[in-house]
Amino acid sequence: MRAVALDVHRDFCEVAIVTEGRVRSAGPIAARPEALELFARSLDPRDWVALEVTGNAWEIARIIEPHVARVIVVSPSDTGIRQARAKTDRLDARTLAKLLWAGELDGVWTPDERIRAMRRRLARRAQLVRARSRAKNEVHAVLMRCLKDRPPASDLFGVKGRRWLAEQQVPVCERETVDSAIRQVDFLDAEIAEVDQRIAAEALGWPEIKRLMTVPGVNVIVAATFIAAVADIRRFPDRRKLTAYLGLDPRVRQSGAAAAAHGHISKQGSVSARHALVEACWSTVRQPGPIAGFYQRIRARRGHSIAIVASARKLACLFWCLLTRAEDYAYAQPSLTKKKMHRLELQAGAARWQGGRHVWSTNDAMRDAERELALQAQRAYERTIADRQASKAGAGATPGRASQRPSSGKAARQTSKPQRSAL
């Protein structure tokens with residue numbers, strides 16, 4: 001077995017090889033398919049290859065993988081090469097080869113082509129949305145510079161808002177900025193709609209995405225972003241591993257005899273998945289259910305910001321349970337879920353049914369009954385938490401919050417098992 005390492009760049013890859021513990025540099029090779037294919041054929045089928053994550057690392061790994069025993073793609077933050085005092089392409093490749101030979105490299109999980117395609121579509125959609133937001137902000141900046149009142153419409157770029165915007169008297173240079181921004185918004189709206197259609201068409205054949213959409217407040221973008229970041233839920237044996245992977249776990253610091261201090265969330269892992277969960281909770285906490293009860297309990301003690309992030313962590317744990325058990329949300333509202341699925345089909349390009357009035361509205365009595373059932377679940381959750389806190393109430397405890405200081409003196413320790421009552 002040999003350990004082969006590639007320091008990947010845009011135009012070339014620096015190669016280093018370790019044979020029987022001795023490292024040598026093999027020089028650069030072009031980062032092109034034909035050169036990489038020729039290099040891969042020169043390797044032994046028992047060789048191991050390592051390279052760091054870059055924009056073109058996955059394609060290089062795909063070309064080399066059929067010709068060697070294993071290809072390991074590692075995160076640059078896990079190798080320690082960034083902190084080296086002497087850092088060149090040749091030294092980086094040699095260091096990476098030594099770590100591979102010593103067995104000290106942990107490869108990142110490699111997604112399949114379906115997950116990669118979904119990630120690319122979601123990333124492109126996020127870029128388009130940011131570009132549209134910048135164009136809209138230019139229009140708002142023009143109105144502020146020209147001392148204009150707030151628009152009468154909630155959506156400045158809707159029909160009513162654009163009519164009001166066209167009637168405003170602004171300088172010629174500012175009017176050019178407004179017209180240019182509106183053209184950009186129209187173009188970006190069409191591009192976002194195209195990407196949304198492809199995402200919706202893919203989601204229709206993805207049972208995991210449709211299962212997550214049974215949770216109120218979770219749309220196709222949130223569900224697809226979570227699935228694209230997590231992929232195979234079996235990689236996480238429990239919910240703690242999942243929340244740590246998403247960066248929703250609190251930081252813990254402890255040294256010596258001091259008590260452990262819990263800080264803010266670690267913010268590791270996928271930023272897009274964490275952002276999608278937090279955004280989804282803004283709608284989920286407004287729907288009656290256990291998550292809404294959890295949010296209200298945390299908000300009463302810690303405030304809205306901490307409560308919404310804690311609810312996002314709870315939502316991630318709920319997703320883990322739904323996917324591992326292959327079950328839909330127990331407190332889902334069937335009429336709301338049906339409406340979301342129908343909207344998903346329309347977004348994917350299905351024919352729109354031309355009916356009479358109230359095509360999109362659901363039966364009011366059915367919807368009220370479903371909300372009442374969800375509200376009962378929320379009340380049951382609140383009663384469970386209240387009973388649990390009442391059972392923990394003791395010396396130094398206050399209602400709704402456990403004691404933060406140890407009680408004075410030694411607590412009485414029960415040495416024998418309590419006798420069960422005959423009744």
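Before anything else, I noted how the angles work: each axis is a line fitted to C-alpha atoms, for helices over the stretch in contact, and angles run from 0 to 180 degrees between N-to-C directions. I also jotted down that this is a predicted model.

**Entry: two helices**

I looked up helix H5 (residues 113–145) and helix H9 (residues 220–230), and they pack at an angle of about 130°. Their axes are 9 Å apart. Angles over 145 count as roughly antiparallel and 65 to 115 as roughly perpendicular, so H5 is oblique to H9. I checked the handedness too: the crossing of H5 and H9 is left-handed.

Which residues in H5 meet H9? I found Ile115, Met118, Arg119, Leu122 and Arg125 on the H5 side. Facing them in H9 are Ile221, Ala224, Thr225, Ile227, Ala228 and Ala229. I sorted the residues of this contact into 8 nonpolar, 1 polar and 2 charged.

**Entry: the sheet**

Next I went to an open sheet of 5 strands, and I wrote down its order as E3-E2-E1-E4-E5. The pairing is mixed. Strand E3 (22–30) and strand E5 (70–74) are the edge strands, so I noted that each pairs on one side only. On average, neighbouring strands here are turned by 20° against each other, direction ignored.

A reminder to myself: strands of a sheet pair through backbone hydrogen bonds, either parallel or antiparallel.

How do strand E2 (residues 12–19) and E3 run? They run antiparallel, and 8 bridges join them.

How values were computed. Residues are numbered from 1 along each chain as its sequence is written. This is a predicted model: local features need pLDDT of at least 70, side-chain atom pairs count only at pLDDT 80 or more; totals for chains, interfaces and linings use all residues. Side-chain values use heavy atoms; hydrogens and water are left out. Helices (H or I, at least four residues) and strands (E, at least two) are DSSP runs, numbered from the N terminus. Angles under 35 degrees count as roughly parallel, over 145 as roughly antiparallel, 65 to 115 as roughly perpendicular and the rest as oblique. A crossing is left-handed if the near helix is turned anticlockwise from the far one by less than a right angle, and right-handed if clockwise. Contact means heavy atoms within 4.5 Å. Ala, Val, Leu, Ile, Met, Phe, Trp, Tyr, Cys and Pro count as nonpolar, Asp, Glu, Lys and Arg as charged, and the others, Gly among them, as polar. Two strands pair if DSSP finds at least two bridges between them.
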